[in-house]
Structures are given as structure tokens and as C-alpha cells.
Amino acid sequence: MEIQYTDRKRYSTNDVKQLFESVDWLSAKYPERLKKALDNCETVYTAWDGDMLVGLINAIDDGELTAYAHYLCVNPAYQGHGIGKTLLNYIKEKYSNYLYIILIAENEPLIEYYKQNGFECMNGRYVFMIQNKESNCHLTDVG
């Protein structure tokens, strides 16, 4: 297996839909919005096996101090081959001069995975969010 990595946003709507469906993420239900969201991110690295998108990581940053790695997604059939680690390393390298690189681990195995890749839990800090109901996910642009 020869995986190719790129920071070019050459993925299609169908590519991201299939990748996000492979990990059963809610975002896959909104493939057009997902692609648009990724296209609007400062940083997206992708992993390809031929013409198949098998991994992706993106980051949103403030240009100086903080970068937020939002998605780290690897097709389950390709997990365990270092793809996620390579994608994380691209983010860590790009943002090495920033004060913080922040990401969210949503379950215990991810906490251990991120710790193995050099991230630390931020004690005394909590993540807050509002998840709008799916019916509200079809908002239109205002203005």
C-alpha cells in the first residue's frame, strides 16, 4: 500500500462523503456542506490510496497563536498503518511556531492515541458546544 499525502484540496463531495460515512460521522449526511466547510479551512491534508480518499485532517487557525485540529478521519480499513500519525505530524509541523494546537478527543481510545502522538490533556479545562438539531442544518446564507 503506497499512500500519497497532499495539502491540495482535490477531493470531491463524494470523496469526503464516503470517507466520513466509513467512520459513521454525522457530517457525512451533509456532503455538500462538509466539502464547503473543508474548502473554507486554512489547512487540509489528505491521504490517498490511488484515487480513493482514505484519510483527512483539517485545522482552523487564528494566524498567530492557536490552531484547532477539527477532523482526523481515517477509513477503518486503513487504520493501524500510520496514516493518522502522519496526518497529525503534518499539522504539528505546520503549526510548530504556534502557542497551542488544540483538538478534541471524543472517547477514551482517542485520548490514548493523541497522548501517544505528543498531545496532553488540558486539566481544568472543559469543552462546551451546542449541537443544533439536524433540521436546523439547512441554514442559508444571510446577506
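Two strands pair if DSSP finds at least two bridges between them. Strands here are DSSP runs of E with at least two residues, and helices are runs of H or I with at least four, numbered from the N terminus. This is a predicted model: local features need pLDDT of at least 70, side-chain atom pairs count only at pLDDT 80 or more, and totals for chains, interfaces and linings use all residues. Residues are numbered from 1 along each chain as its sequence is written, and side-chain values use heavy atoms, leaving out hydrogens and water.

**Stop 1: the sheet**

Select the strands. There are 5, in an open sheet ordered S1-S2-S3-S4-S5, with mixed pairing. Strand S1 (4-6) and strand S5 (100-102) are the edges; each pairs on one side only. On average, neighbouring strands are turned by 20° against each other, direction ignored. The angle is taken between axes, which are lines fitted to C-alpha atoms, on a scale from 0 to 180 degrees between N-to-C directions.

**Stop 2: S1 and S2**

Go to residues 43-49, strand S2. S1 and S2 run antiparallel, joined by 3 bridges. Pick Thr6, then its bridge partner in S2, Thr46.

**Stop 3: S2 and S3**

Next, pick Ala47. Its bridge partner is Gly55 in S3. S2 and S3 are antiparallel, with 7 bridges. Their hairpin has 2 residues between the strands, and Gly50 there takes a positive phi near 65°.

Now select residues 52-61, strand S3. Of its 10 residues, 8 are buried. Buried means under 20% relative accessible area, exposed means over 50%, and partly exposed lies in between (1.4 Å probe, protein chains only).

**Stop 4: S3 and S4**

Move on to residues 66-74, strand S4. S3 and S4 pair antiparallel over 6 bridges. Asp61 stands opposite Ala67 in S4. The S3–S4 hairpin has 4 residues between the strands, and Gly63 in its turn has a positive phi of about 90°.

**Stop 5: the cores**

A nonpolar core is a set of buried Ala, Val, Leu, Ile, Met, Phe, Trp, Tyr and Cys residues joined through side-chain atoms within 4.5 Å. Select Ile57, Ile83, Leu87 and Leu88. These have the most contacts inside the largest core, which has 20 residues. S2, S3, S4 and helix H3 (83-94) each give two or more residues to this core.

Centre on Leu88. Beyond its neighbours within four places in sequence, Leu88 is in contact (heavy atoms within 4.5 Å) with Ile57, Leu72, Leu103, Tyr113, Tyr114, Asn117 and Phe119.

Finish at a second, separate core of 14 residues, which includes Tyr11, Val16, Val44 and Leu53.
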